[in-house]
Every structure is written in C-alpha cells, then in structure tokens.
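Me: Could you take me through the annotated site of this protein?
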Amino acid sequence: MGSRTTISILVVLLLGLVQLANSGHDYKQALSKSILFFEAQRSGHLPPNQRVSWRSHSGLYDGKSSGVDLVGGYYDAGDNVKFGLPMAFTVTTMCWSIIEYGGQLESNGELGHAIDAVKWGTDYFIKAHPEPNVLYGEVGDGKSDHYCWQRPEEMTTDRRAYKIDRNNPGSDLAGETAAAMAAASIVFHRSDPSYSAELLRHAHQLFEFADKYRGKYDSSITVAQKYYRSVSGYNDELLWAAAWLYQATNDKYYLDYLGKNGDSMGGTGWSMTEFGWDVKYAGVQTLVAKVLMQGKGGEHTAVFERYQQKAEQFMCSLLGKSTKNIKKTPGGLIFRQSWNNMQFVTSASFLATVYSDYLSSSKRDLRCSQGNISPSQLLDFSKSQVDYILGDNPRATSYMVGYGENYPRQVHHRGSSIVSFNVDQKFVTCRGGYATWFSRKGSDPNVLTGALVGGPDAYDNFADQRDNYEQTEPATYNNAPLLGVLARLISGSTGFDQLLPGVSPTPSPVIIKPAPVPQRKPTKPPASSPSPITISQKMTNSWKNEGKVYYRYSTRLTNRSTKTLKNLNISITKLYGPIWGVTKTGNSFSFPSWMQSLPSGKSMEFVYIHSASPADVLVSNYSLE
C-alpha cells in the first residue's frame, strides 16, 4: 500500500471520528459571534451600545490633514489601515445576506446587529464621497502600518488619506462602492427611506463616475498595490454595480447596461472558480441569473442566459461536476490559495446557498456537464463548508475564534494581541509592540470573538501562531458572506421563494426613522436588542388645517435593562413642530422636569405634532446605575 493511499485512509477515518464527535453545530451561536466580530473592527467614535468592550475610540483625526472627515469605517483585517475596496465588498455582501435572509436574521434576533454593521460602513462611505467625482479609497498605508505593532487606539503611523478623482480614476473602487450603496439602499428601504434615498443618490453618482472616468484604482492609489491590487481590472465591478443598481431601482437603464456590455466586459465570457473582493464575475452572473429566473430578461434574455451558464458552471465546479473544478483539501475544504484561503470558502458557499434557493424556487435542478445536481445537494455542499469551518475537519479545529473549544488563540491581530487600552493605557511603542506583544507565545489577552481566520493549507494543516499571518489573520470579508449562509442553515431544509421581488424586513433598532406613509404601527424591539434602551413611535391622531395635514406622534422610551436609567440625552432631528414630555437642554432633550431617572422595566412617553413623517429619534447618551 502506497503512502498516499495510507494518508487518504487516515484522513477518512479521522473525518469519521470528527463527525461522530460533532453531531451538529450551533449555527445560531456562530451567527451571533460572526456579526459581533465587526464591532471589533470598528474605527472612529464607538457608540454607547458597543458590545466589544475591550475596544475604544480610534482614528479620530482620519482625513483631517486632507480637509475631510474620514472618521469611522472598518479596519480590514489585523492591521489598522482602512482599505476602501475590501471594505466596500464587505458591505455589499453583508447587504446581500440581509436582502436574501433578513427574515431568518430577524427571527434569530440578529437583524438589528447586522444592519448596524452595514450602517457603520455606509456612514463612512458617505463621508468618503464628498463630491460626485471624488472618492477617498484608503486611510493609512500598509508599509508604515506593518512596520509597527500597536493598538488602533494609540497608533502613531501615517494616517494620510488617498483618493480617486476624474484625473486619477478608479473604476473598480468607485464601482464596488456604488454596489455597496445600492445594496444598502435596499436594506434601509423600509426602516429608513430617507437614508435609503441618500445611499441611492451616492450609488448613482459613483456608478457614473466609475463608468465615465475609467481606470484601475491601484494605478491612482499606488500604495494599495502590495495589499489589494486589482488584478481583475474594473469591468467586473462596473457590471456588479449595474446589477445592484438594477436590484435597487428596477431602472431599465441598468438592465440594458448588463445586456449590452455582458459580452464585451466579460460577464458572459469568464468561467470563474473564485468570488471575492477582487473578482466579482461569479457574483454578477448569479444576480443576473436571478433576474432571468424572475422572467425579467426581456430583450436581453439570450445574453442573460449566457451569464447564467457561467453562474451554473461555477456552481457545478464546486461539486466536482464541471470540466474545470475547484480544488479542495483532503478534508473537503475549498482551496484557492495559501494566504487567507477562507475568504473564498465563505463567498463561494454563499453563492451556492442563494443559488440553491433560486433553483428550488424555480423548481429545477442544476444542469452540469458531469450530471445534474439538486438544489438540496448544493445547499448540503455549503453546509459541509460551514461545518468544516466550525470544527468538522481533520484537526477538529474551529476556525471561528470563540466558537467551540479548540479555536485559534494567537490571532494575527494588533488589537486582540495587546492588552486592552481600557485596561492598561500605558503607551505601546511602534516597535515595542513587536517585542512585547507580537512575540508572545501565550493566548491573546482579548478574544476576537467571531473572527474567521485565514484557515488551513492545501493539506488541512494549520499552525496557531501569531506570526503565521497567512493562516491566523482574520478579515471582514471572510465574515460578511458567512452571515447569510449561517442564517439560511439555521432554518434547515425549509424552502424559500427567493425569486419573488421583496424588500428586506424592517428591523427594530433603537433609531426609528420615517416611513413612506405616516400611518405606521409601533415598532417593537427584536428578541436580542442592540441596546438596553428601546424607542417606539406611533401616530395617534391626524387632522387637516388650512389645507395642511398635521399628525400627532406618541414616542415611548423603555428601559429594558436591569438597572436604573439616568443622565438621559435624546437626539431628535427632522422635528418641525411643538413637543411635550421632555426637557430641551442645548441641542438635545432629557427627562421631563418631574423625572430624574427611569427604573428598570418602566417607560416614559412624549408627544409631538408636525406635518411630516415621524422625526428621527435616538438615544445619544445615558448611564445605568
């Protein structure tokens, strides 16, 4: 018996033992943790409801030297740089997860958290797009950042901001950001229509900018080349942005763009074996296939069928049923490259998941050159990848930090590997961080809960070492597509009609935003609220006076914590009339004069009258004692 055969038998036996030991995974717990990870990656002023308590404010002067406010956004991975291209892809795929599986996220109490994660990104993109043909695509640079090992709260590295404009274009960066804004406009369509409209306005401008002034962004922002080089060019992002703008607007202009440019821009020509922050073709092909299955192809049906053929070749390659199949490790994990391979695992699994539901909705199988595949088989494949990630693998290792017992303890991540700034504010120097913290052999002082690390090599081997950045560094775009897969798997084999046109569910976060029509029902908080303080609004009366309709709104604020609420500050904007039941202090509102606090479980109510949709009400500050 050859050594290769012996190894194969041992792998099979070991997998069998692992599967016996892991009869099932807690997808709900994994979902909660995977969303929590985004809070650890936040840059800027952290909100009062920040759940990752070992992080603090950071990057508070980003953009100042360029005369623009670039505070906020996400650090992409284990460093302290804000890279625009992967950040935008992260937001787009998070939105896609919410659009497809928002109901499942809501029923598991995570929709509010997921939408908060999206908004943290889109708020930053609005700042980064101060003019129609200007987009800031990076803050900081990898060279100076990687020279230091410091917490983001006290980094001393260069925070220069880099932009694209009409003279220094970046169609891939602008196109991906347009896609993110368009997808996010769908997410906020019901819960915050005014914000949704603002996002869509930016999406239109960014797409026009990307299409009119063409060029690769890394030719303009050259400092990004070593870290996020746009190898695929920008045609895939232009198609990707058009696909999302069509989803958001149903505007035939974008449908025509996809139809007329599919052949020349590669949408119908490229057979892909990957989907990620650089190469978007498989995602475009999947979205266009959905349009076709919805019967919206019209005059472009023949072209869209070619998109769909490429989408289905991608799906077939995942299951080894194509002429060119995606490689896998002996343990069954998709394998594309040594550095951060996990990004391709989660993104491919997401595409397979949604396509499985598209097929199920259209009541047909996937036709492959090596045999047909049922929708359930495609979903089972996605499940196998997630189960591998969570521990069903030859090493019995969970590659999600904080899930299970055997997970990475030495993550390549500056913030988690150095004692929390909230615990010890002793300054960590640029190079001193390497000597004191990076070289430590012990576990990270801060658990980076939910982070999905780069993962094993082509033979399922993994070394849990901080300097092994190829395998132990996490990234936001590893987690983003995983949200949708986990939300779907929680529902088991239940089928969904994903082809019906729909809008993501309205969440129940603390912020209550205007509805298209003022007659709205009270909004109730989700089972797992992102804040202990909840707000609901309802219209209680309306009348007409001198041709104008006035509405009376009742707003209820409830203390759902176990402690007494004090020092309350409420921010109210878009208020155009009188208000009763609160005291105005400066630019905010507080308890009425007859109240100093709000006991646990109790509510207070205030009312206002104006001739508009509900005002924007949010809790800006409070204490629990």
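Predicted model: local features only at pLDDT ≥ 70, side-chain atom pairs only at ≥ 80, totals over all residues.

Me: Which residues does UniProt list for "active site"?
Reply: The unreviewed UniProt entry lists His412, Asp464 and Glu473. They are spread over 62 residues of sequence, yet they cluster in space, with a largest C-alpha distance of 10.2 Å. UniProt annotations may be inferred rather than shown by experiment.

Me: Where does histidine 412 lie?
Reply: Histidine 412 is in the loop between α15 (375-390) and α16 (414-417); helices are DSSP runs of H or I with at least four residues, numbered from the N terminus.

Me: Why does histidine 412 count as buried?
Reply: Histidine 412 counts as buried because its relative accessibility is 10%, and buried means under 20% relative accessible area with a 1.4 Å probe, protein chains only.

Me: And what does the side chain of histidine 412 reach?
Reply: It reaches the backbone oxygen of arginine 466 at 2.7 Å.

Me: Now glutamate 473: where is its place?
Reply: Glutamate 473 is in the loop between α18 (469-472) and α19 (476-490). Its relative accessibility is 11%, so glutamate 473 counts as buried.

Me: Which residues is glutamate 473 in contact with?
Reply: Leaving aside neighbours within four places in sequence, its contacts include Gly78, Trp339 and His412, where contact means heavy atoms within 4.5 Å. A polar atom of the glutamate 473 side chain lies 3.0 Å from the backbone nitrogen of glycine 78.

Terms used
Residues numbered from 1 in each chain as written. Heavy atoms only, no water. Helix = DSSP H or I, 4+ residues; strand = E, 2+ residues; numbered from the N terminus. Buried < 20%, exposed > 50% of the residue type's maximum accessible area, 1.4 Å probe, protein only. Polar contact = N/O pair within 3.5 Å; in protein donor to acceptor, adjacent residues only side chain to side chain.
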